[in-house]
Amino acid sequence: MASISANPQPINRKSQPQNLLDFNEILSEEAFRRMISIERKRSERSQRPFVLLLIDTGRGQSGDKQARVLLDMLSALQGATRETDITGWYTTNSVAGVMFTEIVLDNDNKEALSTILSRIGALLREKLDTDQFSRVKFSFHVFPDDWDSQDPERPSNPTLYPDLEKRQQSNRLGRATKRMIDVLGSLSLLALLSPVFLAIAVAVKLTSEGPVLFRQKRIGEYGTPFTFLKFRSMCTDNDSSQHKEYVRQLIAGQAAKQPTDGNGEGVFKLTNDPRITPVGSFLRRTSLDELPQFLNVLRGEMSLVGPRPPVPYEVEAYATWHRRRLLEAKPGITGLWQVGGRSRVGFDDMVRLDLRYARNCSPWLDLKILMQTPKAVIAGNGAC
């Protein structure tokens with residue numbers, strides 16, 4: 001069962017605050033949300049989880065009554081938290097939050113969360129009347145969060161990532177411009193390359209049994225799954241266990257570079273894969289198997305530029321910080337990894353390239369990467 005490493009101890013204070021402004025230890029909404037981001041990154045490094053408790057007082061009360069409820073609630077929180085816990089406004093004067101840090105959770109978090117809730121709930125009952133307490137809503141959010149792959153909207157918990165929401169809202173023009181480039185670019189390339197599509201489809205169909213297109217479940221932005229399209233380059237009904245094991249070793253930093261027919265540097269990728277057809281080998285070497293992904297771009301599941309979308313068993317092997325490559329940018333057909341490293345760099349370095357792209361993302365950077373992509377494809381560095 002789960003347990004908390006130390007029971008929350010009340011903080012001794014000489015006097016009780018008389019209004020909301022007296023709660024100097026209650027962080028503002030901006031500061032508290034920034035602390036959530038900082039605590040996430042600390043948790044990624046330390047592998048120690050934290051718990052975010054949100055307390056919503058409801059919005060159906062008059063101004064004076066609401067202020068009194070908030071005052072009583074904050075007073076109760078001060079009496080139920082430790083000095084190491086972080087208290088602030090998740091939503092100003094409406095939703096208060098407490099981050100419980102330095103706690104120990106096991107596989108079953110119910111006991112730990114119940115302990116926290118019962119302590120705070122008991123103190124709130126002393127401060128609030130029955131009607132006021134009935135309006136209060138509690139919600140717990142544990143980081144690292146368990147992504148729900150069955151959630152069709154967003155398997156990751158957006159409550160734990162308020163900084164990403166702020167970034168998106170502040171960059172609406174950039175995102176709109178990026179989407180316009182995606183739509184216009186993919187439509188133009190689909191029209192321009194339609195003869196190539198037809199030739200590849202005929203070659204795939206005539207040289208091996210099975211469908212022309214390969215459909216695979218991939219993990220997109222925020223962990224949302226989608227159907228990923230490629231020209232089929234493998235035999236049908238093949239066994240993916242070898243690839244799955246290599247991916248696990250690659251993410252763990254245990255995979256060795258595989259030899260290629262090029263300059264002998266090797267790549268972090270399975271080579272001489274018996275599952276690949278002769279035509280498929282050519283398609284992969286020239287990246288022509290990726291062309292159907294322009295349809296994924298049109299559907300809004302991918303962008304022209306962004307991190308490569310992983311398969312589910314890859315995400316299952318991720319360290320917590322690896323997930324950020326899916327949270328901070330929409331997956332793309334090409335990106336910094338393709339033009340700057342491709343399979344010649346290790347997995348951690350690939351993730352760092354993806355995160356660097358997300359931090360500096362702009363329409364101009366996208367155009368620069370798109371212009372560099374043909375050269376990288378022709379050079380074939382890291383492709384096999």
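User: How many cavities of 30 Å³ or more does a search of the whole structure find?

Analyst: Happy to walk you through it: this is a predicted model, where local features need pLDDT of at least 70, side-chain atom pairs count only at pLDDT 80 or more, and totals for chains, interfaces and linings use all residues. Residues are numbered from 1 along each chain as its sequence is written, and side-chain values use heavy atoms, with hydrogens and water left out. A cavity is a set of points, on a 1 Å grid over the protein atoms alone, where a 1.4 Å probe fits but cannot get out. At 30 Å³ or more, the number of cavities found in the whole structure is two.

User: How much space lies in the largest cavity?

Analyst: Its lining, meaning residues with an atom within 4 Å of a point, is made up of Arg40, Lys41, Glu44, Tyr161, Leu164, Arg324, Leu327 and Glu328. A volume is the space filled by probe spheres set on the points. For the largest cavity that comes to about 50 Å³.

User: Which helix gives the largest share of that cavity's lining?

Analyst: Helices here are DSSP runs of H or I with at least four residues, numbered from the N terminus. Two of them, H1 (29–46) and H12 (324–327), each supply at least two residues of the lining of the largest cavity. The largest share, three residues, belongs to H1.

User: How many charged residues does the lining of the largest cavity have?

Analyst: Asp, Glu, Lys and Arg count as charged. The lining of the largest cavity has three nonpolar residues and no polar ones, while the number of charged residues is five.

User: And how much space lies in the second largest cavity?

Analyst: Glu44, Phe143, Tyr161, Thr320, Arg323, Arg324 and Leu327 line the second largest cavity. By class they divide into three nonpolar, one polar and three charged. The space in the second largest cavity is about 30 Å³.

User: Over which ring does the charged end of Arg218 sit?

Analyst: A charge sits over a ring if NZ of Lys or CZ of Arg is within 6 Å of the ring centre and within 35 degrees of the ring normal. Arg33 does this with Tyr90, 4.2 Å from the ring centre. For Arg218, at 3.9 Å from the centre, the ring is that of Phe228.

How values were computed
1 Å grid on protein atoms, 1.4 Å probe; cavity = no way out; pocket = protein on both sides within 12 Å on 5 of 7 lines; lining within 4 Å.
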